[in-house]
Amino acid sequence: MRIDILSAVPDLMQSFFAHSIIQRAQERNLVEIHLHNLHNYSKKKFKQIDDYPFGGGAGMVMAIEPILTCIESLQKERNYDEIIFMTPDGELLEQKMVNSISLKENIIILCGHYKGIDERLREHIITKEISIGSYVLSGGELPAAVLVDAVVRLIPGALNDETSALSDSFQDNLLAPPVYTRPSDFNGWKVPDVLLSGNDKLIEEWRYQQALERTKKRRPDLLEND
Ligand code: ADE
């Protein structure tokens, strides 16, 4: 999978992608992540990428040209399955969407800034708009990092234990069950006996029941969906 991220401040994401599971996935050639600084695509003297909004009002708007020039230069090299814009008024990111994006070959992610991007880009170029939650951040960089993290961990081979992504919360519309590690008794705080029983079938049943109870209590909406 190849991910190209367009941003006014790509350095914000550099360190995040250079660590942990995402770093390992790149080293294993499971994913290529390329950061592009939109200022490098500006034809203006001071490399501006934003301009005043028509009709007046506060805040600046990201202009069409630098974004389109960058996207078109990438499209000359390969086809993209999706051109995603991170924006608070996009579709809410959920595990199902993450699963489907993880199956794509090449995607572009555009990080918004200022008051947003010129609407004509959204009409003609962007194929998917994603929000990571009902709150407004200063830019799309953190949301892009969230999306990439959620997607990359699903690529087979990115996690050491292949099955562990399948047992994540939200897969199957259930939250994950509780987990414990040694010691089995920490000053009287005990691990449930069933997990020490060695009986795989009982353990699996217990985990399912716990996941169900936890979901009913904390996120009943997940059970209503399907
Ligand atoms: N940009 C600013 N806030 C955002 C959000 N909540 N989701 C996606 N992109 C954003």
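Predicted model: local features only at pLDDT ≥ 70, side-chain atom pairs only at ≥ 80, totals over all residues.
View 1. Residues are numbered from 1 along each chain as its sequence is written, and side-chain values use heavy atoms, with hydrogens and water left out. Strands β5 (residues 82-92) and β6 (residues 106-111) run parallel and share five bridges; two strands pair if DSSP finds at least two bridges between them. To get from β5 to β6, the chain passes through helix α4 (residues 95-101), a β-α-β crossover that is right-handed. Right-handed here means that, with the strands pointing away from the viewer, the path from the first strand over the helix to the second runs clockwise. Helices (H or I, at least four residues) and strands (E, at least two) are DSSP runs, numbered from the N terminus.

**View 2. Strand β5 also pairs with β7.** What sits opposite Phe85 in β7? Glu129 does. The pairing of β5 with β7 (residues 128-131) is parallel, over five bridges.

**View 3. Gln95 belongs to helix α4.** Its relative accessibility is 18%, so Gln95 counts as buried (buried is under 20% relative accessible area, exposed over 50%, partly exposed in between, with a 1.4 Å probe and protein chains only). Skip the neighbours within four places in sequence, and Gln95 is in contact with Leu154, Ser169, Phe170 and Gln171; contact means heavy atoms within 4.5 Å.

**View 4. Phe16 and Phe17 make an aromatic pair.** A search of the whole structure turns up two such pairs. Rings of Phe, Tyr and Trp (its six-membered ring) pair if their centres lie within 6.5 Å; planes under 30 degrees apart count as stacked, over 60 as edge-to-face and the rest as tilted. With ring centres 5.6 Å apart and planes at 70 degrees, Phe16 and Phe17 are therefore edge-to-face. Phe16 is partly exposed at 36% relative accessibility, while Phe17 is buried at 5%.

**View 5. Phe186 and Trp189 form a tilted aromatic pair.** Here the rings are 5.7 Å centre to centre, with 35 degrees between the planes. Phe186 is partly exposed, at 44% relative accessibility. Trp189 is exposed, with a relative accessible area of 66%.

**View 6. Gly57 lies in the loop between β3 (50-51) and β4 (61-62).** Is this glycine buried or exposed? Gly57 has a relative accessible area of 62%, so it counts as exposed. From Gly57 to Val136 it's 79 residues in sequence and 19 Å in space, C-alpha to C-alpha.

**View 7. Zooming out, the protein chain has eight helices and nine strands.** The chain is divided into domain 1 (2-152) and domain 2 (169-224), with bounds from an automatic or database domain assignment. Their C-alpha centres lie 37 Å apart. Along the principal axes, the C-alpha atoms fill a box of roughly 70 × 40 × 35 Å. Of the 226 residues, 39% are buried. Among contacts with a separation of 6 or more, 75% come from residues 24 or more positions apart. The accessible surface is about 13,800 Å², and 51% of that belongs to carbon and sulfur atoms; areas come from the Shrake-Rupley method with a 1.4 Å probe, and for residues only the protein chains shown count as cover.
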